[in-house]
Amino acid sequence: MSKITTAYTLTFHDVPNVGAVFQAYALQRFLIESGFESKILDYRPFYHFLEVLKPVKGLSRNINKFRMHRNVRAFNEKHLRLTEKRLRSTKEFAFLDSSSALVAGSDQIWNPKLTGNGVDPVFFLGGKTDARKIAYAASAG
């Protein structure tokens, strides 16, 4: 088994949820400080986009939701190291080699209520890749 030099994280990083964004940031900082190159896979499924657009009860709550998402995006651009290419499926994991780790996690990546009312296979780390696959803090809600 070859030495891992780069860790790619797969998590909720572009959602209007400060906790999700901070855990993505904290894990990335930990990986970098532990000596790994770290990138967050820029996976933004369509169902997250729909969740952002879905109205909540009350005009002020909708305004706050959109402001939060705008602030999350600004934070991400400034502080997160994302892959240059946005990924759409597990087929795109092929670029990961045996010197890579594919780390999936957050507290909700396997929660069907948050993954398009079904299981999102991307968060189960399928696909053809030689990367070591790791799950952390994953729960089904």
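**View 1. Arg 44 and Asp 14 are joined by a salt bridge between their side chains, with an N to O distance of 3.6 Å.** The model is predicted: local features require pLDDT of at least 70 and side-chain atom pairs count only at pLDDT 80 or more, whereas totals for chains, interfaces and linings use all residues. Residues are numbered from 1 along each chain as its sequence is written, and side-chain values use heavy atoms, with hydrogens and water left out. A salt bridge here is a side-chain nitrogen of Lys or Arg within 4 Å of a carboxyl oxygen of Asp or Glu. Arg 44 belongs to the loop between strand 2 and helix 2 and Asp 14 to the loop between strand 1 and helix 1, so this pair ties together parts 30 residues apart in sequence. Helices (H or I, at least four residues) and strands (E, at least two) are DSSP runs, numbered from the N terminus. Arg 44 and Asp 14 are buried; buried means under 20% relative accessible area, exposed over 50%, and partly exposed in between (1.4 Å probe, protein chains only).

**View 2. Asp 14, Asp 42, Arg 44, Arg 73 and Arg 86 are linked in a network of salt bridges.** Asp 14, with a relative accessible area of 8%, also meets the side chain of Arg 73 in a salt bridge (2.7 Å, N to O). This pair links distant parts of the chain, as Arg 73 lies in helix 3 (residues 59–79) and Asp 14 in the loop between strand 1 and helix 1, 59 residues apart. Arg 73 is partly exposed, at 34% relative accessibility. A further salt bridge joins the side chains of Arg 44 and Asp 42 (2.7 Å, N to O), and both of these residues are buried. The whole structure contains seven salt bridges.

**View 3. Five strands form an open sheet in the order 3-2-1-4-5, with parallel pairing.** Strand 3 (82–87) and strand 5 (132–136) are at the edges with a single partner strand each, so one side of each has no neighbour in the sheet. Neighbouring strands are turned by 25° against each other on average, direction ignored. Helix 1 (residues 18–33) packs on the sheet and touches strand 1, strand 2, strand 4 (100–105) and strand 5; its direction makes about 150° with that of strand 2. Contact means heavy atoms within 4.5 Å; axes are lines fitted to C-alpha atoms, for helices over the stretch in contact, and angles run from 0 to 180 degrees between N-to-C directions.

**View 4. Strand 1 (residues 6–10) and strand 2 (residues 37–43) pair in the parallel sense over four bridges.** Two strands pair if DSSP finds at least two bridges between them. In strand 2, Glu 37 is the bridge partner of Thr 6, and Lys 39 that of Tyr 8. Five of the five residues of strand 1 are buried, so this strand is largely enclosed by the rest of the structure. Thr 6, Tyr 8 and Leu 10 point one way, and Ala 7 and Thr 9 the other way. Thr 6 has a relative accessible area of 14%; beyond its neighbours within four places in sequence, Thr 6 is in contact with Glu 37, Ser 99, Ser 100 and Ala 101.

**View 5. Ala 131 lies in the loop between strand 4 and strand 5.** Ala 131 is buried, at 8% relative accessible area. Beyond its neighbours within four places in sequence, its contacts are Leu 96, Asp 97, Ser 100, Ala 101 and Leu 102.
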